[in-house]
2 protein chains.
Amino acid sequence: MTELTKRDQEVLGAVVTDYIQTGEPVGSRTISKRYGIRVSSATIRNVMADLEELGFLLQPHTSAGRIPTDKGLRFYLDSLMQSKALEDAERAMIRQAFQGMQKDLKETLHRTSRILSKFCRQAGVVLWPKLSSTRFRHIEFVRLRPQQVMAVLISKSGLLHHNLLELKEDIGQDELDKYSQYLNELLQNVPLGEVKRRILAEMKKEKVIFDQLYSRALEMSQRVFHENLESSDIYIEGQTNLFNNPEFSDMQRMRRILEALEDKSRIVKLLDMTLKTPTGVRITLGSESELDELQEISLISSPYWRGDTLLGVLGVIGPLRMDYSRIIPVVEFTASLLSQLLEDPETC
Amino acid sequence: MTELTKRDQEVLGAVVTDYIQTGEPVGSRTISKRYGIRVSSATIRNVMADLEELGFLLQPHTSAGRIPTDKGLRFYLDSLMQSKALEDAERAMIRQAFQGMQKDLKETLHRTSRILSKFCRQAGVVLWPKLSSTRFRHIEFVRLRPQQVMAVLISKSGLLHHNLLELKEDIGQDELDKYSQYLNELLQNVPLGEVKRRILAEMKKEKVIFDQLYSRALEMSQRVFHENLESSDIYIEGQTNLFNNPEFSDMQRMRRILEALEDKSRIVKLLDMTLKTPTGVRITLGSESELDELQEISLISSPYWRGDTLLGVLGVIGPLRMDYSRIIPVVEFTASLLSQLLEDPETC
DNA sequence: TGTTAGCACTCATCTATGAGGAGTGCCAAG
DNA sequence: CTTGGCACTCCTCATAGATGAGTGCTAACA
């Protein structure tokens with residue numbers, strides 16, 4: 001496979017840039033006139049034909065200009081694009097939007113996704129931290145009715161998880177309180193990812209084996225932690241912003257997209273994928289996601305942290321044709337702001 | 001104002017029925033041919049002209065048939081329509097859909113709204129019970145960091161409410177535990193709607209006035225109950241079903257609708273209105289809601305109960321032109337099924 | 001007086017047609 | 001290798017006419 005020459009890249013870059021701005025196929029004339037490339041349109045045409053042959057561009061029909069293929073777009077994103085720095089005014093506005101907020105974690109994440117959608121004029125998305133990424137703070141068992149107990153789990157970061165347990169036999173609130181007390185002491189500050197192991201270890205201890213109370217408490221807690229500490233939910237906000245994009249002016253397409261977003265589990269999967277190798281802002285084109293329903297969309301995402309702990313991912317969902325050079329810095333900045341907000345020595 | 005004659009009503013009924021089925025303006029010929037009214041189309045035309053003058057029908061343009069106005073639709077719903085009974089097969093399917101469910105209340109409500117959307121092929125909506133409609137079961141204060149406490153409130157029905165409190169001075173977990181203990185005893189089983197009053201009463205008691213612990217506990221609890229026990233959230237599911245309706249095939253309109261649904265507070269307001277006079281299935285046309293953004297939609301709603309206690313509202317949101325005679329029984333049946341599920345002597 | 005057939009008229013929708021224009025590919029000359 | 005020129009393609013848009021559903025009105029009829 002041939003390398004792209006400097007000029008090839010310039011032309012490809014110009015096509016993508018123009019296409020992102022206008023959404024229309026780009027002609028050779030436009031390129032030679034508007035993008036300081038000092039050759040004639042005929043030359044550009046030759047270059048474009050080459051780029052098409054290599055799979056970077058395509059023509060919707062014979063007498064139209066070129067639009068980038070996914071491959072072309074990917075090359076642009078990886079090698080050609082340079083994102084503008086975010087203007088101070090804009091930074092200030094985003095910072096402002098975070099002001100005056102409840103400290104509640106979920107509320108914060110919800111607001112973050114609204115902020116993303118608003119400043120990028122696309123759909124904003126925030127993946128919750130997994131419970132496993134935070135530390136144990138408190139567990140409580142509350143008897144709602146005979147043989148039915150609600151377990152409430154609170155993490156140090158203020159994440160709440162509840163869980164309805166059906167019991168084989170009834171247990172009184174007094175005894176449940178003892179369970180809580182014991183477990184709270186035992187698990188205080190343990191990372192929730194390790195809790196299961198800790199419980200298993202504890203169950204082997206002699207004092208536990210011979211003490212009904214302890215062993216029943218541990219058994220019960222197992223049922224709570226058995227649950228999906230790995231699973232998580234997301235906030236998606238500003239879906240209707242997607243109507244702004246002319247490429248979604250086709251009803252069928254818009255419907256497909258919204259249906260895909262309605263089933264949040266798919267989006268969770270998509271975001272989870274990017275969690276595996278958390279490296280700054282990343283762009284996932286729909287075609288790279290192996291999810292058929294998401295072919296036509298693009299995700300700009302960034303992980304967010306508390307100190308060194310990776311908590312989750314946030315980002316923006318929009319069409320393939322997006323103003324990446326603007327949105328990338330916004331996502332980056334928002335992620336860093338959120339991370340900063342969550343940073344706090346006392347929590348984790 | 002003149003009364004409508006029997007025939008007028010028949011014609012109006014036929015127009016609405018046909019319009020609901022086809023979505024197209026209905027002509028005089030269609031009526032005289034298809035709806036066992038034994039007069040000629042010319043006569044029908046006269047009747048229709050009268051109905052138009054009275055504001056029950058309107059013509060999109062001179063050479064088109066008639067479609068019902070809101071007023072016409074309202075008359076049809078109130079006086080003419082008779083909803084079919086739900087087929088046994090369908091009842092069974094809905095019942096089936098509720099099978100094998102976690103007992104968790106929120107989960108149940110969420111599922112309910114999915115069921116509504118699925119069986120009616122429109123958007124399903126379920127308003128959460130207000131906290132004030134249930135009874136106190138448990139309160140817990142957990143210290144997350146210095147001067148920051150998470151308060152968790154659990155109702156007997158298994159509703160969870162949490163609340164982050166910022167304190168002026170730090171309070172240790174030990175003391176917080178005493179607060180919880182005291183409050184749990186004091187408020188056990190008190191309807192949450194009455195809790196505030198109870199607390200105020202308690203604060204006046206001598207033993208409380210002179211005991212720091214008691215009074216601080218009550219103060220703290222006030223901050224929890226001060227919050228909006230009246231507010232509630234909703235589940236809206238199956239929004240994309242709205243794409244099925246040809247009247248929403250206009251992008252602009254669809255966008256307006258989805259934007260209206262995205263801001264859930266409006267829909268909450270709409271549902272809240274119907275809560276005030278809870279009487280079986282009720283239909284609210286957008287134009288009757290005083291909310292500009294909802295002009296083009298219609299809500300079929302029914303309250304759901306636990307025993308005698310009104311918990312919330314569920315329903316279906318769709319276009320004005322809906323198959324009411326089918327959806328009404330579905331909503332009615334679903335509401336009664338849900339009420340039945342929630343019915344349980346031990347809870348409230 | 002109410003009902004009906006008939007007829008002229010309106011107007012949205014559909015189809016065909018053609019002009020206009022953006023953009024291409026290719027060729028021959030520089 | 002680059003460029004100007006030219007024929008060609010094909011999308012888009014506007015126009016015009018045909019079609020047909022449906023109406024309002026009138027005159028005749030029971």
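This is a predicted model: local features need pLDDT of at least 70, side-chain atom pairs count only at pLDDT 80 or more; totals for chains, interfaces and linings use all residues.

Mentor: Axes are lines fitted to C-alpha atoms, for helices over the stretch in contact, and angles run from 0 to 180 degrees between N-to-C directions. The axes of helix 8 and helix 10 of chain A cross at roughly 160° and come within 10 Å. Helix 8 of chain A is therefore roughly antiparallel to helix 10 of chain A (under 35 degrees is roughly parallel, over 145 roughly antiparallel, 65 to 115 roughly perpendicular, the rest oblique).

Trainee: Which residues of helix 8 of chain A meet helix 10 of chain A?

Mentor: Contact means heavy atoms within 4.5 Å. V195(A), K196(A), I199(A), L200(A), E202(A) and M203(A) meet residues of helix 10 of chain A, including L218(A), Q222(A) and F225(A).

Trainee: Which residues in helix 8 of chain A are buried?

Mentor: Buried means under 20% relative accessible area, exposed over 50%, partly exposed in between, with a 1.4 Å probe and protein chains only. In helix 8 of chain A, which spans residues 195–203, the buried residues are V195(A), I199(A) and E202(A). They lie on the same side of helix 8 of chain A, because they cover an arc of only 65° around the axis, taken from the directions from the axis to the C-beta atoms. Their cover includes helix 7, helix 9 and helix 10 of chain A.

Trainee: At what angle do helix 1 and helix 3 of chain A pack?

Mentor: The angle is about 90°, with the axes 10 Å apart, so helix 1 of chain A is roughly perpendicular to helix 3 of chain A. Among the residues in contact are V11(A) and V15(A) of helix 1 of chain A and V47(A) and L51(A) of helix 3 of chain A.

Trainee: Where is L167(A) placed?

Mentor: L167(A) is in the loop between strand 6 and helix 7 of chain A. With 9% relative accessibility, L167(A) counts as buried. Beyond its neighbours within four places in sequence, L167(A) is in contact with Q147(A), V149(A), M220(A) and R223(A).

Trainee: What conventions apply?

Mentor: Helices (H or I, at least four residues) and strands (E, at least two) are DSSP runs, numbered from the N terminus. Residues are numbered from 1 along each chain as its sequence is written, and chains are lettered from A and ligands numbered from 1 in the order in which they are written. Local features need pLDDT of at least 70, side-chain atom pairs count only at pLDDT 80 or more, and totals for chains, interfaces and linings use all residues, while side-chain values use heavy atoms, leaving out hydrogens and water.
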